[in-house]
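The sequence and coordinates are shown first.

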Amino acid sequence: MDEQNTPAVFVKDLWFAYNGYPALENVNLSIPQGDFVSVVGPNGGGKTTLLKVILGLLRPTRGEVRVMGTTPEQARPRIGYMPQHTQLDPLFPATLMDVALMGRLGRRGLFGGYSREDKNVVSEALKQVGLYELRKKSFSALSGGQRQRLLIARALACEPELLLLDEPAANLDAVMETDLYELLRRLNERLTIMMVSHDLGFVSRIIKSVICVKRKVLMHPTTEITGEIINDIYGTPMRMIRHNGEGDFSCSNL
Amino acid sequence: MQQFITDVQIYPFLQHALLTGILASVACGIIGTYVVVRRISYIADGIAHAVLGGMGAALYIQKVHQMPGVLPIHGAIVTAIFAAIIIGLVSLWAKQREDNVISAIWAVGMAAGIIFISRTPGYSEDLMSYLFGNILLVSSTDLWTLAGLDFVILVIGVLFYNQFLAVCFDDEFARLRGLNVEFFYLLLLCLTALTVVVLSTVVGIVMVIALLTLPIGIAALYSATLWRMMILSAILCAAFTTSGLALSYGPDYPAGAATIIIAGAAYLATTTLKWVSTRGRS
């Protein structure tokens, strides 16, 4: 397989269990390079688990994971990851610049500091998420939405080919959300994006495929999404509202 | 106070005490900051108390088996590094039982120390000095040991500043960037253990805990970055040990306990002030 056709993420017959409780069952996925995938499903359905398996942070009980044609561990330098900010200490004494610079770790030897180039890349990443003016502010002074954008900037500072985002839209207001999706749309022109979101409707204008995770995993191109599929994912009756424009829809509880 | 200022110019023991406080501040400012932001001050407490077991054992061997080369600090180093590695491994690979293991090491270490001390002829009254220490009895060898500790901590702390920062802030992300998270975490715990050992033989276990948490707790309220927090903590720490010494000298109070009371009062005052001022705004 040549470099161009290697899938960004390839998962075959994967099972994962936490202490014997199955979280993911028989997952098969192939995400081509340049795709923009939204991972949806109910809380506790295994969305974050799937991301962590792809990152190699969790080892599958069985099955195979290939990221850009190699193992997750070897692919890590080429992956940018944005975790949910709630797992971080909000009082931690660090500036935005300090946090975003962590995306440049591991590029040099064991010791030391960051180069001028590192700082330029990080400044650029902060500008892209609109936080450059705040770069000397303290992490603890940020709002939830700003923290999320900062963690996206940190992921971008890795100069990744594959971007994995865990709920980037949580806590954002409507305007910031629109800005975020415009940013992601532009980034998708040059890199593959896989994004966990708890709501799938509002992003369908830019996403190309949807992965539904509820222990089992199904992948659909966005044009195929129907009411039955949504009911299938969430397990409760959902209503789909079709707006103007192809594949543009949102869903809500009946 | 007046008497302290005239006496400090004459008596070497007072100069030693003053210098001890200042040297201890460097170690406490840097290590204490890492301990507080990584939220492992409970680990430092556990190691500090477990060290008593090692000190007691060393003292017992020295007296009963007539081996004058074995000093309490040797026992303390062995115990502290051992405790740090056990706690580190447990917290890395079995997170849910961490606090239980720390408590076990804490209690068993102290109990062992007390048993050894009770079996050691003529030394039972010294237990107090290991708990609270006596900053007025510091030798010049102790001062050199302290200076050596500061040197090691400064070199490692500066060399690996970015790595420690990343591991303390978000170890999962640090791991994804190719950092050996286990190595840096264990290195941090071993440096903490070393700090605890050196300081507890000089100023006592309770003083170590106070200096590793109280100045840092105050500095945390006013610091936006890790290195500023370290510098501010070290300055506060030096201010507390110096004022503790100066204020306790005239009325002949125990210097260590006076330092802790001053630091504790300052901590209470600043956190209350901060709490009131932020409540007033919102």
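## Overall architecture of chain B

Chain B has 13 helices and zero strands, where helices (H or I, at least four residues) and strands (E, at least two) are DSSP runs numbered from the N terminus. The model is predicted: local features need pLDDT of at least 70, side-chain atom pairs count only at pLDDT 80 or more, and totals for chains, interfaces and linings use all residues. Residues are numbered from 1 along each chain as its sequence is written, while chains are lettered from A and ligands numbered from 1 in the order in which they are written.

The C-alpha atoms of chain B fill a box of roughly 55 × 45 × 35 Å along the principal axes. Its radius of gyration is 19 Å, which agrees with the value near 19 Å for a compact globule of 282 residues; the radius is taken over C-alpha atoms, and the globule rule is 2.2 Å times the number of residues to the power 0.38. Among contacts in chain B between residues at least 6 apart in sequence, 76% join residues at least 24 apart; a contact requires C-beta atoms, placed from the backbone, within 7 Å.

B:Cys237 lies in helix 12 (residues 226–249) of chain B. This residue counts as buried because it has 29 C-beta neighbours inside 10 Å. Leaving aside residues up to four places away in sequence, B:Cys237 touches B:Ser25, B:Cys28, B:Gly29, B:Leu211 and B:Pro215. Its C-alpha atom is separated by 8.9 Å from that of B:Leu212, 25 residues apart along the chain.

## Chain A and its parallel strands

Chain A comprises seven helices and eleven strands, and buried residues make up 42% of its 254 residues. Strand 5 (residues 79–82) and strand 6 (residues 162–166) of chain A run parallel and are joined by four bridges; two strands pair if DSSP finds at least two bridges between them. Across this pairing, A:Tyr81 has A:Leu164 as its bridge partner, and A:Met82 has A:Leu165. Strand 6 is also joined by five bridges to strand 7 (residues 192–196) of chain A, again in parallel, with A:Ile193 as the bridge partner of A:Leu163.

Strand 6 of chain A is largely enclosed by the rest of the structure, because five of its five residues are buried. A:Leu162, A:Leu164 and A:Asp166 point one way, and A:Leu163 and A:Leu165 the other. In a regular strand the side chains alternate between the two faces of the sheet.

## Interface between the chains

In the model, 21 residues of chain A are in contact with 21 residues of chain B. The side of chain A that touches chain B has 14 nonpolar, five polar and two charged residues; Ala, Val, Leu, Ile, Met, Phe, Trp, Tyr, Cys and Pro count as nonpolar, Asp, Glu, Lys and Arg as charged, and the others, Gly among them, as polar.

Where pLDDT is low, the predicted coordinates should not be read in detail.

Terms used
A residue is buried if 20 or more other C-beta atoms lie within 10 Å of its own, exposed if 12 or fewer, and partly exposed in between; C-beta atoms are placed from the backbone. Two residues are in contact if their C-beta atoms, placed from the backbone, lie within 7 Å.
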